[in-house]
Each structure stands twice: as structure tokens, then as C-alpha cells.
4 protein chains.
Amino acid sequence: MAIVLGQNQYGKAETRVVRIHRDTDRHEIRDLNVSTALRGDFAAAHTAGDQASVLPTDTQKNTCFAYAKEHGVGEIEDYALVLARHFVDDIAPVSRAHVEVDEYRWDRVAVEGGEHAHTFVRTGHEVRTAAITIDAGRAVNAEWVISGIRDLVLLKSTGSQFTGFLKDRYTTLAEATDRILATSLTARWRYATAQVAWGEAFGQVRQILLERFATVYSRALQQTLYEMGSAVLAARDDIAEIRLSAPNKHHFLVDLAPFGLDNPGEVFHADDRPYGLIQCAVTREGAPPAGPSWESPATFA
Amino acid sequence: MAIVLGQNQYGKAETRVVRIHRDTDRHEIRDLNVSTALRGDFAAAHTAGDQASVLPTDTQKNTCFAYAKEHGVGEIEDYALVLARHFVDDIAPVSRAHVEVDEYRWDRVAVEGGEHAHTFVRTGHEVRTAAITIDAGRAVNAEWVISGIRDLVLLKSTGSQFTGFLKDRYTTLAEATDRILATSLTARWRYATAQVAWGEAFGQVRQILLERFATVYSRALQQTLYEMGSAVLAARDDIAEIRLSAPNKHHFLVDLAPFGLDNPGEVFHADDRPYGLIQCAVTREGAPPAGPSWESPATFA
Amino acid sequence: MAIVLGQNQYGKAETRVVRIHRDTDRHEIRDLNVSTALRGDFAAAHTAGDQASVLPTDTQKNTCFAYAKEHGVGEIEDYALVLARHFVDDIAPVSRAHVEVDEYRWDRVAVEGGEHAHTFVRTGHEVRTAAITIDAGRAVNAEWVISGIRDLVLLKSTGSQFTGFLKDRYTTLAEATDRILATSLTARWRYATAQVAWGEAFGQVRQILLERFATVYSRALQQTLYEMGSAVLAARDDIAEIRLSAPNKHHFLVDLAPFGLDNPGEVFHADDRPYGLIQCAVTREGAPPAGPSWESPATFA
Amino acid sequence: MAIVLGQNQYGKAETRVVRIHRDTDRHEIRDLNVSTALRGDFAAAHTAGDQASVLPTDTQKNTCFAYAKEHGVGEIEDYALVLARHFVDDIAPVSRAHVEVDEYRWDRVAVEGGEHAHTFVRTGHEVRTAAITIDAGRAVNAEWVISGIRDLVLLKSTGSQFTGFLKDRYTTLAEATDRILATSLTARWRYATAQVAWGEAFGQVRQILLERFATVYSRALQQTLYEMGSAVLAARDDIAEIRLSAPNKHHFLVDLAPFGLDNPGEVFHADDRPYGLIQCAVTREGAPPAGPSWESPATFA
């Protein structure tokens, strides 16, 4: 049975583009980590070492910088869409482009009660993300946009239980009627369209996720995630699907009894590993298909 | 259009199991990082907060430890297979189990020319990996085994070029006829069977990857990877597919001309980011299908 | 010449104490990373393996948790002072205790315009720190308090230059009259007393650091740091000394000329390594001496 | 009381120099991370923003690369000594130079039983280190050389106990007569001279550390460290002092009794945090004084 080349892709990962918009004295900053990946007719590069169809990853990097100047960086989804369209439209061997952008958040430094015009402080642990996939030719539905957030670290100090679970020979966990629930959330949602007010949508989704995490009484992280995801889809018709991945960052109640102390939910040990990992998707029936949009270099191997 | 629960899974990630085999004075050590993920009938946990079908992740952790005692830890593939079979066979709601194991390598400390019986030093940057997927009922071909290696950092100081590539408006890269080629390789290969002498196979694959990287004159990382993967499949009929993911860890020749010095391939700056990322699969025609074996918590969102 | 035991210390590092104050429905959270280190008469432990004078590091960890209950956690300086006093007062062999605390910042989640009572989101990259050193017997001036902040990531997109510097044979850097200045600041300041409103002082120092970074026109990072430190000492008589350590996080202007584009301070590459590292202390003449307060496990080896 | 500039230093951190020696077909590789720090007459840079005495950190980086060509890289101590001498001798305002070098280890890839001439694999977790301090004028004893190793991860699966320790109200730890002892060792030793066969000395010290860790029956990590350090000083008269810093990487015996299983030292949980941190110095009476040699940017703030 023959040995053949299978799926392959290549690109430039983690180009750290910082774009200052300085049209007025009040500067704007966009701080990005951009990764590109191309698929197409690259068989000869693999089997014969022939690079005639291979646009260097160095060129892809240059393009990320040049486009930040030529097209500016508004919302990261728009910036990534323009980049991805360029690769499939202008580079002949490319049949599919995948562009991922992480954006780091900066706030203006407060000076004498006002916001400084050109000085910023990194804020938030969290990262805003976008992942664009475009197929060459671009038939209907061949532009996919996934937006997201990661490293959104959340904790509620009550309003969470874990009881009534399945038990087997290896079960020792006690039921908990009041516990800390904490996670470092990754949420990614796929739009049904590429025509969205991205920044506004991001803000709305983020707020829904926070509010539902806060206000839903949690019988398990699964239920909390499903409520969060459902609320996002209920609020926005243009979102086809959301995926949530949530480590259960365990906070163990410390046994203070040996020291003659009680501990009614006050002193916890925040453990590193292992952690539970709970993942679920919430989808809209009849939404456009996902196609290859969830594939990326990170899922390849 | 209705909002519904989509794909979901849960488990315990990164349980750090260390198993000492001390049947004789010459101890053996297995140092593992184990992650489990279960799929099945968990809808009620999401939609109603009903945990009656949910085996706690804490129990999954306990099982990892107990199985290390009851079954020992020989090759990580065997250990993971036994764990995964347990989850699908013994836990009613589970329809699919996915178990991943990383193994850290220890060598014996040399004392007076001999190997010490119970003292070890961590060696190698690299990590040996296994990922097992088993479907309940276990029809033919419903046990998938992927073995692998990651963080295998390789460098060749000559025998590599990059020339004749596609150029566009954004291309500034000079052609290189002699350069450093360096990567931190991730390789994962899927077996066509679950009956393999895992340790021996791992050693053979690792050696082939190293030798081919060393001896193939490289016209591009794509070609090197394809040669490495092809050689693995040529050597072992029981491997259906191999996937290689290789960051191109750039080593830039430093321009010493301003200091009146030439630099014929002697002084380089090892850059961190961005890096090229080259990925390819090499497959055997007619091999058993991959099924869900490449899916994992890491590829979910 | 005899071989003898030199300086030595031991303790428990990175105990992750989370304290929930839940006296009312509006919970408070303190999220800490606590490290203790003890010096004293521990020679026999080293030279004879005799542990009779060694309070286990496990006990030190237990004490961190128990004190979080018994004494609560208000300001981290107070919590660390109480812990350190306990070790030198109550554990006979201890002659010096050093307690370091990192505090991670959480904000309340906003729900319907209000602050949620028990749900929090991690905010800020930055970490508040405290390092307490106490000598047994506690003569005057034998309690030292160093407070600080680290990972305070700052950037100004103009208002910075670097010109007129020393040049030698190896200098190729062009002068810059307008550049990005960015750093990830570590600032630590030593108080002249242990009687301070710690939280208020921390807030004031942080704000001065931010404002001075924003408003001082920078002729070099050295000058910026000195201005920041001087302003802190000018504002608070109870601070004896401040030390600032600032990586110069380089943002290189990208050359877009090959693409027919100009780049007037708009598109930058944020580089990882190498980075400049600028460090300076600003001190008050005649302030109480620092004693051993700057020594810590991190500076030992 | 006046506010004045205190200690200050600046330099370029983490320049990643890779030097290939290719005088024959059998290449040699030196893979380094180099940091420089200068002290001297830099007050005007701080107080007036005057850079006339400031050699840019960019120039320091260039010098690291140029010296790798001009002087080659043999042993890292020699390379760092030449660099540090240059800064104090040739740059007028510099009164003290501190150069630190980390070296990453590569082995040759084995091909058909032989060693490949120009292909290497990163090996070992551990890093070899050197820290050179030189004062301008260079009086006798004004060149200090500290060599070291870090991230040397060691484990012994028996031959370790912890009993007879001090107990107080907060002590719950059970005595252990047979436990795993594991650490990630940092060892740094100061030479009494700058005339040493550095590579040979490094190999000897590393081997002594490994052997003593293996063969000393451990009554506590303190005792093990002291035995390791003493053995090094006993073996080499040219070493004045050694400092050892050792996290006690806890491996907790898992309680398998709930599952009807015993656990006689076979199954352990490798915990991340907290960890014990044990540090001691072993010194030679009458050795030359350490001067500023242990100070570095890492100990500044």
C-alpha cells in the first residue's frame, strides 16, 4: 500500500504586531499576536523539495506588518479577514487560509482624573481572540469567523454545589453543598455571517458570559457552561455555535480541625494540578455548517 | 431554530502519577502526566444540573492512581488502554473514553562507573506521549492508539538551504544556500493495531526521525518532514499514519560587517518569535480509518 | 583550611492561600501566594541530620492557613507581619523569619449595573507584593517591611527619545527622537516603619508610578525610573528607599519601505529577547538602614 | 533629608548567542544565553537624562555577538571573562561589569552507530551557568568567577527519611522512615581564582553532586545538601564556597486503602505547590572574600 502525503499546512506563527493609530494626539493602540497558515498545492515542496509554489513564512510576516499600515487595525476580525482574503485571492497555489489573532488589552493610564493620551497599562488577564478561515473561490458560506476570549479567570465563592453524582468503587469524593467554583474560561463562538459589528458583539457576549456565571446557581460546571452558552445564542441570532472549555480550578477547603478551628467556607488551598476539564458546545439547529473553521495548527498534531 | 447541546466531554487533566516498581533493590520509575476525557450520555448534567450519570473527575483521578498499583505501569500505551477500557466497559453512561499520557524520562545516576539502583536524573527535554481512544461496545477497529514524542529539539548546522521560493510584493527574504535548520519536533503516529511492542516501536521511530533529520539534505523543512515521516511508515507496516508539526526555530546570521568581521555561518541569533510552523501528515493508502482518534480536549476549543 | 556550614535557611514556598471573608452576603476575597523562610540554629540538621530543631515546612504551610482563619487577611503586610512574629517569638531555634506574600487582584463582576456580591473576575496582570523580615528579640528597627508591585506592564507611544549616548566600535544603534517606551515594572519600596495604612499607601505609590511614567518626557529609561522613584519618596516620608527594575521591552519600528510604505511611528514589532534591563534605587539620606530586608530565598543562589 | 540616587546598573539581558565552530567538517555548537550588567558613573543619565556616558544596551548585545566571532566560545567562563574585561577596560565610565551566561547542552545525533558531524539533539533539562564580576582597575582578587548548574532534577526512590523533627501546635506531618526525595537543584560555586580548567572542573563538580545525592542516606534535605557541598570543597581546593538551593519536590504517597489496596512506597502524587525550599552554603575558612560576586540583576529588586 502506497505511502502518500496527507494533510499539510504551513505559515508564520506569533508575529507580534503593535499598531499605533496616531492621527490625533490621542493615540490608539492595537497589540496583536498574529498567526497565518496556508493550505494548497504544496506537494512538490514535500516530495521534491521544490519551493516554487511556497510563499515564504517570512513574506507572510511582512504582509501582517504591511497590512497593519495599509489597512489599519480596527477590530481584529476585520484585520484577519483582509489578510486571509489576500492569501487566497492573490497567491495562486493557496486554496485555504487560516488567520488567528490574539489581542492584548490596554487601558489608558489615569492622570489627574483624566485618561492620558498616549500612555497605557496592560489590563486584564484575558485575551480576545479571532480565527478566520477562508477557502479560495469563496463560494457562499466559505468565509468562517470564530471570535473568542481566553484566560478569563472567574470565581464565585458560593452559589455552587456538586451532589448526587455517580459513584463507583473508586469514588471517595464527598458531596459538596457549598463550594468555590473557579475557572479560567476559554469561549469561542462561530458567527453565521462575516458581517457583524465585531467589537460590540464581543462586548455583549463577554458580559453575558460573566452575568450568567455570576447569577446561575451551579449544580455542576457542566450546567453553568450550558447556561452561559445558551444565553449567548439566545441573545444573538448571528451566532451559530459556541464552545466552552473550562478547567475546574479546584479550591480545597483546608481542614483546620487539628488546630481547634472550624472552617465554614473561609480558608481554601488553590491547587494547581490535576484539574477537572469540562467542555461543551451549544449549537443552533439549522445554522450554517462549521466546515473547516475549527481546524487550526493547534489541532493538527 | 432551537438551541441545543452539542459535543461535550469532561475528565480529569494532568494527574501526576509517579509509579515506583520496587520488586527488587533495583527500582524502576515511571513518571506520568495522565489526562482522561469521557463522552456519553451527559445531557441531563448540562440541561438540568442532574449529576446522576456523572462519574466525578475526582474518581477518574483515583482510578489513575489505583490502576498504577493494580496493573502497574509498563509501557504507557498499555496503561492507558487498560484505563480507557475500564471507563467504557464499567461506567454505564460512557460511550467513548480518551486517555492521554505524557511520560518524562529519567536515567540512572552513574556511581563509580555503575548505574545506581534507586537514584535517577531527569534527562532529555523530550516527552514521550500516548493518546488512546476507545468506543464503547468496541467493534472492530474501535480502539485507536496514537503514540508520539514532543519537545524533541533538533538542530543541524549545515546541510540545509531555502531557495527558489515564490516571491510577491511583500517578499524580502534572501535565498539561503547554507543555513541552520532547527526545530522542536512534535511527531505523533497512529497504529493500525493495538497489538504492538510499544517500547521497541517507540525507540525505532525516534531513531528513524533523528537519522533522517540528520542525513537528508534539506531543501526546506517541508521536505525534511516528509522524508522523516515516509521513512517511519516504510519501516513499520503497523503504523497507518504519522503527523509532524515543526516550528522553524529561526537562527539568524548576525551581520558583523559593521565591526570589520566576516561571518561565514559561525555566529547566529536564536530568535524566539515569530517562527515558521510547518505541519504535514504522511499516510498509508488503505490503512484503517482514523475515526475520532485525533480529537482530544486540546482540539475542542 | 576547614570546610564549614555557611548561611542557610529553609521554609515553605508558594502556599496558595485563598481567604473568603463571608461575614455578610457581600463576600471579600484575598488570593495569596505565601512563602516563609527561617534562619536560626539549624547546624545540627546539616551536619548530623538531626531534625530536633527543625519545624517542618509542612507545619509552616499549616500555620499560613490557620493564621488566615485566626487572624483573617486584611492587608498582606499585616498578615505577613503576624506570621513572621509568630515564627521568631514562638519557635525557639528561629533567629530570623522572612515572609513573602504575593496578592492577585480580583474585581467584582458587574451584573445589571451593580457589583455582584460573591462573583469575581481576575483583573490586571500586575501582582501586589510584600516581604517582611523580622529578627528575634526585635530590637528597635528589627522589623522590616518592603511592599511592592510587579508585572505592571506600561507603554507610552510617544514622549520618549534616546539620543546622545556613548558610542564605541560596536555601536550601530541609530538615535531615536520618538520611540515607544514599554516595560514590565517591578517596584519595591522599604518603609521606615511598620506602622502604615498599607492599602492606602500602596494605592498612592502605584498611582504616582503610573502618573510619572505617563507625564515625564523620557530621555532614557534611567531618567524615567529615577523620576518615578523620587516622586514616591517625595510624597511619602515613611518610605526610606525604593528600587525599580525595568526591562526595556523593545518595540522595533518595522521597515515598510520595501513595500512602498512609510512608517511614521505606526507599525512596530514587539520583540521578546534580548531586552534592556535598567535598575536603580532611590534612597532617603539618613533613613533607617536596610539590614537584611532585601535578602530572600530568591537572592540566595 | 535629601532624596538621592542609590545603587544602579543596566545592561542587555538574554542575548541568545549561538556559535558554530566549523573549522572542520565536525562542527561544534555553543548555545548561550548571555546577560551583561554595568555599574559606573551613570548618575547624569538618571538625574538629567544625559546619556553621554551610557553605552547602549544594543551595543552590549553587538559586543556579545562580535566577541563570539573574534574570541570564539570555548568554556563559558572564558568567554564571559573576556567580555567583562572589555567593558571595564575599554568603556571609561564603567567601574564594574557583571556577565552571566547560561549554556544549553546538545548531544550529537547517533547515526549508524557513529556521531553525526553537524546534527545535534538538545539533551538534559539542566543548564550550565557562569557569572563573572570584574571591578575596574582589577586589583588582586577583583575578578570573581561563579560557575554553576541549575534545573538538575534528581530523585531517589528510597534511602531517605524525615523523623524526629520539632513539633508545635500546627504540626500534623507524620514521620516518614522511607520516602521519595526529589529536587530540582541549583548549585553555584565560587572559585578562589580565575585560572581553572573550567570544563573539567564543571564535570567533576557535577559528578560529585550526583554521587553524593545518590549514596548519602538522607535524614533530611539539609543534610544531603551539606554533604554534597562539603564533598565538592573537599575535592577541589580552588573552590572557595558553594551554595545549594533545593526545592523539596513533594511526592505524596497516595492513600489506596479506600480501594482495598496497600501502597508500600509504590504509587505517588507528584505535587506542584507548595514546596519546601532548602538552601545552604558551604564555605572554606580563610578563602578569599566574595566581594560583590553574588550580586546580580536577579538579586537587585
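Predicted model: local features only at pLDDT ≥ 70, side-chain atom pairs only at ≥ 80, totals over all residues.

Me: Which residue of E11(B) does B:Pro247 stand opposite?

Reply: B:Pro247 stands opposite B:Leu277.

Me: And which strand of chain A is joined to E11(B)?

Reply: That is E1(A), which runs antiparallel to E11(B) and is joined to it by 9 bridges. Within this pairing, A:Val4 stands opposite B:Thr283.

Me: How many residues of E11 in chain B are buried?

Reply: In strand E11 (residues 275-284) of chain B, 10 of the 10 residues are buried, so the strand is largely enclosed by the rest of the structure.

Me: Which residues point which way from E11(B)?

Reply: B:Tyr275, B:Leu277, B:Gln279, B:Ala281 and B:Thr283 point one way, while B:Gly276, B:Ile278, B:Cys280, B:Val282 and B:Arg284 point the other way; all are buried.

Me: Moving to chains C and D: how many residues are in contact there?

Reply: The contact involves 79 residues of chain C and 80 residues of chain D. On the chain C side, the elements that give two or more residues include strand E1 (3-13), helix H2 (57-70), helix H5 (221-235) and strand E11 (275-284).

Me: Which element gives the most?

Reply: E1(C) does, with 11 residues on the side of chain C that touches chain D. By class, that side divides into 36 nonpolar, 30 polar and 13 charged residues.

Me: What does E1(C) pair with in chain D?

Reply: E1(C) pairs in the antiparallel sense with strand E11 (residues 275-284) of chain D, over 9 bridges. In that pairing, C:Leu5 has D:Val282 as its bridge partner.

Me: What rotation superposes chain C on chain D?

Reply: A rotation of 180° with 0.0 Å of shift along its axis superposes them, with an RMSD of 0.0 Å. Of the residues of chain C, C:Thr299 comes closest to this rotation axis, its C-alpha lying at 2.4 Å.

Me: What about chain C and chain B: how many residues are in contact?

Reply: There, 7 residues of chain C are in contact with 7 residues of chain B. The chain C side has 3 nonpolar, 1 polar and 3 charged residues.

Me: And what rotation superposes chain C on chain B?

Reply: The rotation is 180°, with 0.0 Å of shift along the axis and an RMSD of 0.0 Å. That is the relation of a two-fold axis. C:Asp272 is the residue of chain C that comes closest to the axis, at 3.4 Å for its C-alpha. Again 100% of the interface residues of chain C are also interface residues in chain B, so the copies meet through the same surface.

Me: One more topic: what domains are assigned in chain A?

Reply: The domain assignment gives domain 1 (7-138) and domain 2 (151-301). Their centres, taken over C-alpha atoms, are separated by 29 Å. The contact takes 18 residues from domain 1 and 12 residues from domain 2.

Me: Which element has the largest share on the domain 1 side?

Reply: E5(A) has the largest share, with 7 residues. The domain 1 side divides into 5 nonpolar, 6 polar and 7 charged residues.

Note on methods: Residues numbered from 1 in each chain as written. Chains lettered and ligands numbered in written order. Contact = placed C-beta atoms within 7 Å. Helix = DSSP H or I, 4+ residues; strand = E, 2+ residues; numbered from the N terminus. Nonpolar A, V, L, I, M, F, W, Y, C, P; charged D, E, K, R; others polar. Pairing = 2+ DSSP bridges. Least-squares fit on C-alpha atoms with pLDDT ≥ 70 in both. Domains from an automatic or database assignment. Buried ≥ 20, exposed ≤ 12 C-beta atoms within 10 Å, placed from the backbone.
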